[in-house]
Amino acid sequence: MILRRVIAELRAMPKFIYVLAAIAAFGIGVGLYRMAVGLGPTTNLTDESPWGIWISFDLATVALSGGAFTLAALVYVFQFDSLHAAVRPTVLAGLLGYSSVLVILLFDLGRWDRFYNVFLHPNFSSALLEVSWCIAAYSTILIYEFSPVLLQNSRLKWLLPTIKKYLIPLVIVGVTLSTMHQSSLGTLFVIMSPRVHPLWYSMLLPVFFLVSSLAAGISMVIAGATVSYWLFGRSLKIKTLSQLSWFLPWILGFYLVLKFGELIIANELDLLTEGGRYTALFWTELIIGAAIPIMLFAMKQVRTSRAASLFGASLVLGGVILNRFDVTWFGMKASGASYTPHWMEVALLVGVLSGVVLVYSLIARYFPVYEETYAVERAAKAAPAPALDGARPAEA
């Protein structure tokens, strides 16, 4: 009987689940091989280029995972109760994002089998110590925040009142920790002044990283809600997304003021017209990731359209990802040795990303991640026929 139910469930599973599982399994195989033979045969990392695509991925993913602390601050600290429906899917996305960062960091360690030394034998003179501790502690808090979803329909649901009792204090601690490590990641590159190109190097790098992570976090919520609308048939109200996207022009505008203001004070405006690869990357990052989204989200028509909001949010995400790759890789001055990722580095990365999407999809399928948004969907079905562009009448 149980076997029949399992087979029936497997047959009902969407085909993309199997594709993701196959890619993730291949990535796991590559990861196990890397653990067995070391970094040398499986990466193109060298003493001259000790940080590669994995570090760039980690910094970009941490920024994109900022939706969890951004939304937690808006809902629990600033009392934007109308955004509460977005908390569960956003916390899950943040938790999986940070988990993928920890997995990639494990593969990036020369002695991965001694990862625990960061806790047992901390090096207090290392800038990475605070980042490592903050990410580990914040990931634990995200697990706590998400635990009611996992326990709600289980025999352990009697634990829920106790968990909810301490939820808000821990959320506030989590917001503080996340703010610390988002900015501290920028601090890492402040101490690398000889390597980072002046277009990206600044004493304000910690502030740049923190502000851009706020924009990335909100954009991730908007993009995730739109994708889930199409994939799962469940999402947030368009009114809720409009409220969230209203913040973007202000955050991105503040970011641009900081970026150009810093260049003016440092008397480095001539770098903007210097030409070449660095100038092109810098302008691409700011125009696509900030200037165009500011104009888009300033329009109510964009904020109240799922397709247009997704487009604008994707631009912000692309800009922030490019920024993290610029700071950690593309914008680094040549050290005498070129670096191109080994195919195994890319395969492991794609495998981890596929695994994240796979786990998210399965949890969303079997647990009440979209519980509050499901009520919205049912209300929408009771309403008149939906509009084709996704702006359902019941959601207005």
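Predicted model: local features only at pLDDT ≥ 70, side-chain atom pairs only at ≥ 80, totals over all residues.
**Exercise 1. Examine helix H5.**

Task: Work out how many of the residues of helix H5 are buried, and what covers them.

Solution. Step 1: H5 spans residues 67-77, and ten of its eleven residues are buried. Step 2: the buried residues are Gly67, Ala68, Phe69, Thr70, Leu71, Ala72, Ala73, Leu74, Val75 and Tyr76. Step 3: the cover over these residues includes helices H4 (53-64), H6 (87-108), H8 (127-151), H10 (167-190), H11 (205-231) and H12. Step 4: because ten of eleven residues are buried, H5 is largely enclosed by the rest of the structure.

**Exercise 2. Find two positive phi values.**

Task: Describe the phi, the loop and the accessibility of Gln79, then those of Asn267.

Solution. Step 1: most residues other than glycine have a negative phi. Step 2: Gln79, which follows H5, has a positive phi near 60° and is not a glycine. Step 3: Gln79 sits in the loop between H5 and H6, and its relative accessible area of 52% makes it exposed. Step 4: Asn267, also not a glycine, has a positive phi of about 55°. Step 5: the loop between H12 and H13 holds Asn267, which is exposed at 66% relative accessibility.

**Exercise 3. Describe the largest cavity.**

Task: Find the volume of the largest cavity and the residues and helices that line it.

Solution. Step 1: a search of the whole structure gives three cavities of 30 Å³ or more. Step 2: the volume of the largest is about 80 Å³. Step 3: its lining is made of Ser212, Leu252, Tyr255, Glu285, Leu286, Gly289, Ala290, Gly319, Val320 and Asn323. Step 4: at least two lining residues each come from H12 (238-265), H13 (277-297) and H15 (306-330). Step 5: H13 gives the largest share, with four residues. Step 6: by type, the lining has five nonpolar residues, four polar and one charged.

**Exercise 4. Locate the nonpolar cores.**

Task: Give the number of residues in the largest nonpolar core and the residues with the most contacts inside it.

Solution. Step 1: the largest nonpolar core has 91 residues, and Phe146, Phe189 and Trp200 have the most contacts inside it. Step 2: beyond four places in sequence, Phe189 touches Trp51, Leu59, Val196, Tyr201, Leu205, Val327, Thr328 and Met332. Step 3: a separate second core has 16 residues, among them Leu45, Ile53, Phe325 and Leu348.

**Exercise 5. Classify aromatic pairs.**

Task: Decide which kind of pair Phe124 and Trp133 form, and which kind Phe260 and Trp283 form.

Solution. Step 1: the structure has 16 aromatic pairs. Step 2: Phe124 and Trp133 are 6.1 Å apart centre to centre, with 85° between the planes, an edge-to-face pair; planes over 60 degrees apart count as edge-to-face. Step 3: Phe124 is exposed at 66%, and Trp133 is partly exposed at 35%. Step 4: the ring centres of Phe260 and Trp283 are 5.9 Å apart and the planes are at 40°, so this pair is tilted. Step 5: Phe260 belongs to H12 and Trp283 to H13, so the pair ties together parts 23 residues apart in sequence. Step 6: Phe260, at 23%, is partly exposed, and Trp283, at 31%, is partly exposed. Step 7: ring pairs also link Phe80, Trp246, Phe247 and Trp250 into a cluster.

Methods:
Residues numbered from 1 in each chain as written. Heavy atoms only, no water. 1 Å grid on protein atoms, 1.4 Å probe; cavity = no way out; pocket = protein on both sides within 12 Å on 5 of 7 lines; lining within 4 Å. Points joined across faces, edges and corners; volume = space filled by probe spheres on them. Nonpolar A, V, L, I, M, F, W, Y, C, P; charged D, E, K, R; others polar. Buried < 20%, exposed > 50% of the residue type's maximum accessible area, 1.4 Å probe, protein only. Contact = heavy atoms within 4.5 Å. Core = buried A, V, L, I, M, F, W, Y, C linked by side-chain atoms within 4.5 Å. Phe/Tyr/Trp six-rings, centres within 6.5 Å; stacked < 30°, edge-to-face > 60°.
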